[in-house]
Amino acid sequence: MLRCPNCNTHDLGKVGSNQFYCWGCFIELTLENGKVASIYQVEEDGTLSSLNDLFLDSSQDSLSM
Ligand SMILES: [Zn+2]
């Protein structure tokens, strides 16, 4: 089952055919072929900020610091 990559909750609401919204941390996920392809944070004014660099970076070592 799909989990939020940020807070790991299953509490995701479907907002489009391939789009889900996390009620835990207010980010929007776009899926491609059943995998998360894009992640956006929804700002208070409704704009979307890409979080792809944070969660979809090919290197998993970026947390070490
Ligand atoms: Zn979340």
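This is a predicted model: local features need pLDDT of at least 70, side-chain atom pairs count only at pLDDT 80 or more; totals for chains, interfaces and linings use all residues.
1. **Overall make-up.** The protein chain holds one helix and five strands. Follow the sequence and the pattern reads β-β-β-β-β-α.

2. The five strands form an open sheet. Their order is β1-β2-β3-β4-β5, and the pairing is antiparallel. β1 (12-16) and β5 (48-50) are the edge strands, and each pairs on one side only. From one strand to the next, the twist averages 35 degrees. As background, strands of a sheet pair through backbone hydrogen bonds, in either a parallel or an antiparallel way.

3. **A closer look at β3 and β4.** How many bridges join β3 to β4? There are six, and the two strands run antiparallel. Look for Leu31: it stands opposite Val36 in β4.

4. **Burial and the core.** The protein chain has 65 residues, and 8% of them count as buried. Which residues make up the largest nonpolar core? There are five: Cys4, Cys22, Ile27, Leu29 and Ile39. In soluble globular proteins, nonpolar side chains tend to be buried together.

5. **Leu29 and its contacts.** Leu29 belongs to that core. Set aside its neighbours within four places in sequence. Leu29 is then in contact with Gln19, Phe20, Cys22, Val36 and Ile39. Cys22 and Ile39 are themselves core members.

6. **Contacts along the chain.** Take the contacts in the protein chain between residues at least 6 apart in sequence. Of these, 7% join residues at least 24 apart.

7. **Phe26.** This residue lies in the loop between β2 (19-22) and β3 (27-32). Its phi is positive, about 60 degrees, although Phe26 is not a glycine. Is Phe26 buried, partly exposed or exposed? Phe26 counts as partly exposed because it has 13 C-beta neighbours inside 10 Å. The cut-offs explain the label: exposed requires 12 or fewer, and buried requires 20 or more.

8. **Asn33.** Now move to the loop between β3 and β4 (35-42), where Asn33 is found. Asn33 also is not a glycine, yet it has a positive phi of about 55 degrees. Why does Asn33 count as exposed? Asn33 has 6 C-beta neighbours inside 10 Å, so it counts as exposed. The limit for that label is 12 or fewer.

How values were computed:
Residues are numbered from 1 along each chain as its sequence is written. Helices (H or I, at least four residues) and strands (E, at least two) are DSSP runs, numbered from the N terminus. Two strands pair if DSSP finds at least two bridges between them. Axes are lines fitted to C-alpha atoms, for helices over the stretch in contact, and angles run from 0 to 180 degrees between N-to-C directions. A nonpolar core is a set of buried Ala, Val, Leu, Ile, Met, Phe, Trp, Tyr and Cys residues joined through C-beta atoms within 7 Å. Two residues are in contact if their C-beta atoms, placed from the backbone, lie within 7 Å.
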